[in-house]
Amino acid sequence: MFRVFGENALIQWIMLFVVLGALILLNEFARRTKTGGIIMFFVVPAILTVYFIAIAIGASKGAEWALNNQTHIYMNGWFHYFKLYASLMGCIGFMMIKYQWGIGKTHWFKCYPFLIVAANILIAVVSDFESAVMGWNSWWLSSEDVWLFGGIHNVMNGLAGLINIFLMTGWWAVYSSKDGKDMQWCDMGVLYIITYDIWNFAYTYNCLPTHTWYCGVALLLAPTIAALLWNKGGWIQNRANTLCIWCMFAQVFPMFQATTSNGTQFFKWAVLPSLYSNGVETIQNIAAGTSAGANPTAMIVVSGLALVANAIGAVIVYKTAKAKGVNPYKNEIFQETKYYKEAAARTDFSK
């Protein structure tokens with residue numbers, strides 16, 4: 001699935017675990033104290049917003065420093081900014097719930113996590129369908145300066161993403177943990193974590209192929225490891241935190257993980273998927289307009305797996321809800337599962 005072999009394989013694997021470890025540690029810093037959360041999701045984003053505005057103003061005036069800035073050149077598309085600030089709004093909203101700030105203590109606001117997660121999924125679904133339309137069985141250059149190959153895999157995974165939205169159950173059953181460190185969504189258990197991870201990995205593999213080793217592997221593993229081992233019930237908070245942290249980093253240092261549309265790799269740890277059948281040479285051939293073969297097999301397989309997994313998840317959700325005679329969105333339905341019970345033991349259901 002990935003070209004992690006040859007002379008750069010060791011550094012590619014090392015950097016994968018460096019990124020994974022950094023995301024886990026920064027998530028712990030952000031979730032364990034109010035100070036950590038405020039620094040990560042108020043102070044740092046405020047500084048970066050000023051930075052991004054300065055770049056935009058400088059570029060509009062023709063300033064060389066802005067025009068040559070990596071953020072302006074490689075991260076100026078709608079998707080990256082939308083994803084950054086959408087994930088940031090999730091982090092802030094989740095802090096409002098767990099710390100009972102303002103409207104965060106009201107019952108109606110408890111559905112906010114569902115709404116912000118659904119919005120983030122829809123952003124990715126639009127991106128998948130965009131790729132199918134822009135390059136059906138052909139190469140096309142995205143606004144992120146990445147050569148993509150559209151096709152049936154985008155359609156399958158886009159449908160998987162739409163289904164995944166409705167696998168979120170117990171929309172109003174969101175609380176604070178007893179120790180005040182986490183926002184708990186106990187009904188969002190192993191079934192949802194697995195189906196989401198498969199779908200989101202397929203999305204990054206389809207639409208961010210030159211970044212997937214980090215944003216599709218390390219970035220998905222970080223919140224999942226925490227939620228399955230020591231932070232039961234807090235997966236969606238972990239996911240929002242790590243996603244926002246990664247987006248901020250990638251927006252400022254895009255070349256850390258990237259291979260550009262002309263085949264340039266700034267660091268030896270950049271990784272390409274099997275889509276580019278001859279690696280960097282394939283990208284160079286696309287840019288030169290010469291023959292460049294694509295190998296979409298793995299994309300089709302993972303997208304098909306995402307669609308099947310989410311379809312099975314939908315059957316489980318609706319069969320479980322029907323057996324209990326309840327609406328799966330107004331009520332929790334997985335209280336009998338081991339994961340739910342362990343998450344509930346950490347949860348303060350009065351908040």
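These are my notebook entries on the overall fold, on helix 10 and on one residue of that helix, Val252.

**Entry 1, the whole chain.** I am working from a predicted model, in which I find 13 helices and five strands. I looked up the extent of the chain and noted that its C-alpha atoms fill a box of roughly 60 × 45 × 35 Å along the principal axes. The radius of gyration is 21 Å, which agrees with the value near 20 Å that a compact globule of 351 residues would have. Of the contacts with a separation of 6 or more, 70% join residues 24 or more positions apart.

**Entry 2, surface and charge.** I recorded that 58% of the 351 residues are buried, and that carbon and sulfur atoms hold 70% of an accessible surface of about 14400 Å². I then turned to the charged side chains, of which 22 are positive and 16 negative, with 11 Å between the centres of the two sets.

Beyond its neighbours within four places in sequence, Val252 is in contact with Leu48, Tyr51, Phe52, Gln70 and Thr71. For Gln70, which is 182 residues away along the chain, I noted a C-alpha separation of 7.3 Å from Val252.

How values were computed. Residues are numbered from 1 along each chain as its sequence is written. This is a predicted model: local features need pLDDT of at least 70, side-chain atom pairs count only at pLDDT 80 or more; totals for chains, interfaces and linings use all residues. Side-chain values use heavy atoms; hydrogens and water are left out. Helices (H or I, at least four residues) and strands (E, at least two) are DSSP runs, numbered from the N terminus. The radius of gyration is taken over C-alpha atoms; the globule rule is 2.2 Å times the number of residues to the power 0.38. Buried means under 20% relative accessible area, exposed over 50%, partly exposed in between (1.4 Å probe, protein chains only). Contact means heavy atoms within 4.5 Å. Accessible areas come from the Shrake-Rupley method with a 1.4 Å probe; for residues, only the protein chains shown count as cover. Lys and Arg count as positive and Asp and Glu as negative; His and the chain ends are not counted. The place of a charge is taken as NZ of Lys, CZ of Arg, CG of Asp or CD of Glu.
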